[in-house]
Amino acid sequence: MASDRQTVDEWKKQLLEQQEKLKTRMSRVKHKIAVISGKGGVGKSTITVNLAVAFAMHGHVNYIGILDADIHGPSDPKILGLSGQRLQVKSTEVFPALGLLGIKVVSIDFLLPDENAPVIWRGPLKMTAIRQFLSDIVWET
Ligand SMILES: Nc1ncnc2c1ncn2[C@@H]1O[C@H](COP(=O)(O)OP(=O)(O)OP(=O)(O)O)[C@@H](O)[C@H]1O
Ligand SMILES: [Mg+2]
């Protein structure tokens, strides 16, 4: 019982630490745009990549990053011709892949053994992955 309590306390502590890290990390990103929908196949990836390229082309080259939060069917890397790239992970820091116009990209695709590997995570695990990405990515490379 005591060790269960200890595990829960430890888990809560880790979650709070991660939340703080996430806040600090995200506060360094000046503008954030969320591209979301409640429906599949409506153009989220197309819009995301086109927005990134448009911003990069209009004075923000090297200052744009994409976090592909699509855990099951990540296609931003494909659209940007970055399939097969890997994320560099050093200690607890994650370094994005680099695309055209210096666009930095983080996607679950860069962590899978191959592009056909299925990801069968459910809601809570997906949120954990996205939270971890948000708290660990070093955008300013
Ligand atoms: N404005 C548009 N007009 C017509 N077709 C479009 C438009 N935007 C995207 N498409 C096409 O619709 C299809 C789905 O687009 P996309 O992959 O960007 O959607 P998505 O919302 O990211 O899908 P998913 O939910 O599967 O991730 C693609 O074939 C894309 O080329
Ligand atoms: Mg998509």
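Predicted model: local features only at pLDDT ≥ 70, side-chain atom pairs only at ≥ 80, totals over all residues.
Local features require pLDDT of at least 70, side-chain atom pairs count only at pLDDT 80 or more, and totals for chains, interfaces and linings use all residues. Residues are numbered from 1 along each chain as its sequence is written, while chains are lettered from A and ligands numbered from 1 in the order in which they are written.

Strand 1 runs parallel to strand 5, and four bridges join them. Strand 4 is antiparallel to strand 5 (residues 104-107), with two bridges. K104 in strand 5 stands opposite G65 and also opposite L98. Five residues separate strands 4 and 5 in a hairpin. In its turn, L101 has a positive phi of about 55°.

Strand 5 is covered on both faces. K104 and V106 are buried on one side, V105 and S107 on the other. Buried here denotes 20 or more other C-beta atoms within 10 Å of a residue's own, with C-beta atoms placed from the backbone.

Ligand 1 is surrounded by G40, G41, V42, G43, K44, S45, T46, D70, G73 and S75. Membership of this shell requires a C-beta atom, placed from the backbone, within 6 Å of the ligand. One shell residue is nonpolar, seven are polar and two are charged. Gly counts as polar in this division, Val as nonpolar, and Asp and Lys as charged.

Note on methods:
Pairing = 2+ DSSP bridges. Buried ≥ 20, exposed ≤ 12 C-beta atoms within 10 Å, placed from the backbone.
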